[in-house]
Amino acid sequence: MYNKKLVDNLTTGQSKLLSSRRRESFDFFQDLAQGDYERINLINYQFPEYSPYNKEYLKEKKGQAELLIKKMTDNLNNEEEILNYLDQFKDKKVEKGNQGLDPKYLAMAEAFYNTGLFIKVPKNVELKLPVEIFYQLDQENPVLIDNNLIVAEENSRLTVVIDYRMQDQNVEAFHNGLTRVIVKDNAVLNIVKVQRFNDQSDNFDSNISLVSNQGELNWIPIELGGKNSVTNNENTLMDDGSRASISSVYFADGDRKMDLGFKMNHQGRHSSSEIESKGVLKDRAQKVFRGDLYFQKGASQANGSEKEEVLLLDKTVDSDSIPALFSEEDNVEGEHAVSAGQIDEQRLFYLMSRGMTKAEAKQLMVEAAFNPIFDKIPLNDLKGSVINDVKTRIRS
Amino acid sequence: MSEKTEVNDIDRSLHEEKNVEKHRYKSAKGLTPEVIKEISREKNEPEWMLEFRLKALEIYKEKEVPTWGADISDLDMDNIITYVRPDADLQSDWDQVPEEIKDTFDALGIPEAEKESLAGVGAQYDSEVVYHNLKEEMVEQGVVYMDMENAVKQHEDLVKQHFMKLITPNDHKFSALHGAVWSGGSFVYVPAGVDVNIPLQSYFRQNAPGSGQFEHTLIILEEGANAHFIEGCSAPKYSVNNLHAGAVELFINKGAKLRYSTIENWSRNMYNLNTKRALVEEDGVIEWVSGSFGSKVSMLYPMSILKGARARAEFTGVTFAAEGQYLDTGAQVIHDAPDTTSTVNSRSIAKDGGHAYYRGLLKVTKNAHGAKASVSCESLMLDNESKSDTLPIMKLQTDDIDIGHEAKVGRISEEAVFYLMSRGISEEEAKAMIVRGFVEPIASELPLEYAVELNNLINLELEGTIG
């Protein structure tokens, strides 16, 4: 199914260099054995049958004229530029700790992507309005394989919101995405990703970034859906003063399984990073949190912090935390903290003494934990609907 | 930029006196069922033990060498002489211990320590216990403290019931190896309600080049008993890679309390692949105090299984990795009963290219509602040649629990040094104070009798040129 013929089909009408890149990835894909996600018991996973994604996913807006946005699947004329950017990711892999999604999934996304954008904000351009991308999977479009490249050139500023959602509760959809990000000197880039697939769907998502001198990258990944969701977010702080942050929220209920990886590779001096994760586990949900802070040699005066908070709402949940701190440099400050448990009894009691039911009080406590991160969603409609989703699900 | 603190290696000559080898018996290199049968015959063991050894050998041959953690590819198992018996019969009187063995022990201060406050001494020289003594009052109360070989014969039922039940040959390659070739070690039995108020100390060393040490420690505390066991290791240095694959099994029954202290100071060519486990019943307590200073490679993760309600585990550990050392250590705690509690406090120091790795596990099963656990790991890097890693894994399977974890890595705080200097303390002394303060949690947990070893291992090392 994911064979040469499909690659030939997909490269028809696509620009030359990107086509050859697809073919290279396919060769790689073919040779790779597929790995398992043992901690969430995802063994011998079979990719579902390929199908194209035919819906529009980019919301065109005024005021974005200065921005360069192209579909990766089109016949592009700026493809050399794209490949030059992509080549910067070569040999960036680090040996230690969490290695991200299984290489087979990455190769699959690069060989068989059916959507994807190249977004570039040029030098010195600051955009007030966020770029909105929305994928809505359904019966006709159950497979989404997106390959995105987002570049913030020097001194630029941009926010990108990617919303993955579904209305139909019965479709078994599949998403395997790859998003690569380059943040140049002094640029600031924010990326919000909201995942709300239905309980039948599987989600795989890799995010890889390179941050230069004084560049800043802020991720807001919000994971609410899917039957299985495996995501990874790896950032390399390459130069002096590179900064990255991840503010993650997840809500896993029912039989949902999540394996969420976050990684900060500190290479530059004075580089700084922050990982903050807040999550709730309910019913029989299972989650794995992997968070690495890696201070590579040369990253002197770097600092990194990592904080995970997880609320466990039922006896039947399963919560794994694998925080790691690797250091090859003495002049650094790194710390991580994990706290896990129930909602504080005393606070719950206080709220209930004020006339709230237990369910209401719990809901309020969860909202209080999540809202500081939800506030970072720049679109009010999206923020409102995310908050609503969480509310209904805590109560159920 | 301020100067970096110099922390020198301690003078190890005290611990590295080598005696000329003199053995009655030395098994052939390599591991075959014949070797195992010979070992068993030499020891006059019951038949079941021989069968156990042979079964373990089979498992050993099937198991793969672990690929995670330390690189142990230098270890040539075929060339490790697994059993070396020193030229001395078991002695109950110190005067009868051969001179040269005594010399080495004397240098380590064992007889004095015994005179002072130790209830018993089981000193292992090479693979077998050569000296054993237990204060009489303890014997009267029914306390048993003897070498493992004799325990197999004299307390056969107790041993058969517990031996390698907590750590089985199936666990990993080195536990299988241990099951096949174990030799020496201590057996402690404390009857219900008895409080052994003076620490029991065992001291073992390795002496023959290329010899492995596979001592087995089995401690059983009956209901409400209380004991403190101290294990210390120091081995002379040789050029051939040495392997230590011991096993420690601790059974702590209802309401009993055991403190297990270890100061590990193997010479820097040793592969220390030790396995330690404690099973704690209702209201029981296990306290681990662990200092890892020596060896070339260590992979050591003491495990506490909290099986009974309200059982408690505490782990306090310091790891000091200097030049050429890779010390991969950490605590494992499994909460498998309601209202169990655990505290893990680990400190590690890396200097001169040493690599300290904390690798821990905290597991809370669905039976453990009301469990509370806290894990705290701090690492101090003394230079940027060294490496320090922390990987505390947590697996939680119920909701009504309270789990906290913290980890930090960094170097000596300049603000703290500045503050102390503003109080009139020299920079050197300020830094020394901070490093000493860093290892204080374990230093304060160790018994005074251990001053000889402790002074050599911590204070001398830290005070060395800083002070």
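Me: How many bridges join β6(B) to strand β8 of chain B, and do they run parallel or antiparallel?
Reply: Welcome to this predicted model! Strand β8 covers residues 216-221 of chain B, and β6(B) runs parallel to it. In this pairing B:Val188 stands opposite B:Ile219 in β8(B). The strands are parallel, and the number of bridges joining them is four.

Me: Which residue of β6(B) is the bridge partner of B:Met146?
Reply: Let's look at another pairing of β6(B), with strand β5 (residues 144-147) of chain B. Four bridges join the two strands, which run antiparallel. Within β6(B), B:Met146 has as its bridge partner B:Phe187.

Me: What percentage of the 467 residues of chain B count as buried?
Reply: Now step back to the whole chain. Chain B has 11 helices and 25 strands. Among its contacts between residues at least 6 apart in sequence, 83% join residues at least 24 apart. Of its 467 residues, the share that counts as buried is 53%.

Me: Is B:Met164 buried or exposed?
Reply: You can find B:Met164 in the loop between α7 (156-162) and α8 (173-181) of chain B. Its phi is near 50°, a positive value in a residue other than glycine. For burial, the cut-off is 20 or more other C-beta atoms within 10 Å. B:Met164 has 20 C-beta neighbours inside 10 Å, so it counts as buried.

Me: Which strand supplies the largest share of the side of chain A that touches chain B?
Reply: Let's see where the two chains meet. The contact takes 31 residues from chain A and 31 residues from chain B. On the side of chain A, β18 (318-327) and β19 (333-341) each supply at least two residues. The largest share is 10 residues, and it comes from β18(A).

Me: In β25(B), what is the bridge partner of A:Gly341?
Reply: This pairing joins strands of the two chains. Eight bridges link β19(A) to strand β25 (residues 402-410) of chain B, and the strands run antiparallel. The partner of A:Gly341 in β25(B) is B:Asp402.

Me: Why is α2(A) oblique to α3(A)?
Reply: The axes of helix α2 (residues 16-31) and helix α3 (residues 79-87) of chain A come within 8 Å. The contact uses A:Leu17, A:Leu18 and A:Arg21 of α2(A), with A:Glu79, A:Glu80, A:Ile82 and A:Leu83 of α3(A). By class, these residues divide into four nonpolar, no polar and three charged. The word oblique applies to α2(A) and α3(A) because their axes cross at roughly 40°.

Me: Which residues does A:Asp168 contact, leaving aside its neighbours within four places in sequence?
Reply: A:Asp168 is in the loop between β7 (157-166) and β8 (174-183) of chain A. With 14 C-beta neighbours inside 10 Å, A:Asp168 counts as partly exposed. The contacts asked for are A:Asp138, A:Gln139 and A:Asn198.

Me: How many of the nine residues of helix α5 of chain A are buried?
Reply: Helix α5 spans residues 345-353 of chain A and is hardly covered. After α5(A) comes A:Gly355, whose phi is positive, near 100°. Among the nine residues of α5(A), the buried count is zero.

Note on methods:
Residues are numbered from 1 along each chain as its sequence is written. Chains are lettered from A and ligands numbered from 1 in the order in which they are written. This is a predicted model: local features need pLDDT of at least 70, side-chain atom pairs count only at pLDDT 80 or more; totals for chains, interfaces and linings use all residues. Two residues are in contact if their C-beta atoms, placed from the backbone, lie within 7 Å. Two strands pair if DSSP finds at least two bridges between them. A residue is buried if 20 or more other C-beta atoms lie within 10 Å of its own, exposed if 12 or fewer, and partly exposed in between; C-beta atoms are placed from the backbone. Axes are lines fitted to C-alpha atoms, for helices over the stretch in contact, and angles run from 0 to 180 degrees between N-to-C directions. Angles under 35 degrees count as roughly parallel, over 145 as roughly antiparallel, 65 to 115 as roughly perpendicular and the rest as oblique. Ala, Val, Leu, Ile, Met, Phe, Trp, Tyr, Cys and Pro count as nonpolar, Asp, Glu, Lys and Arg as charged, and the others, Gly among them, as polar.
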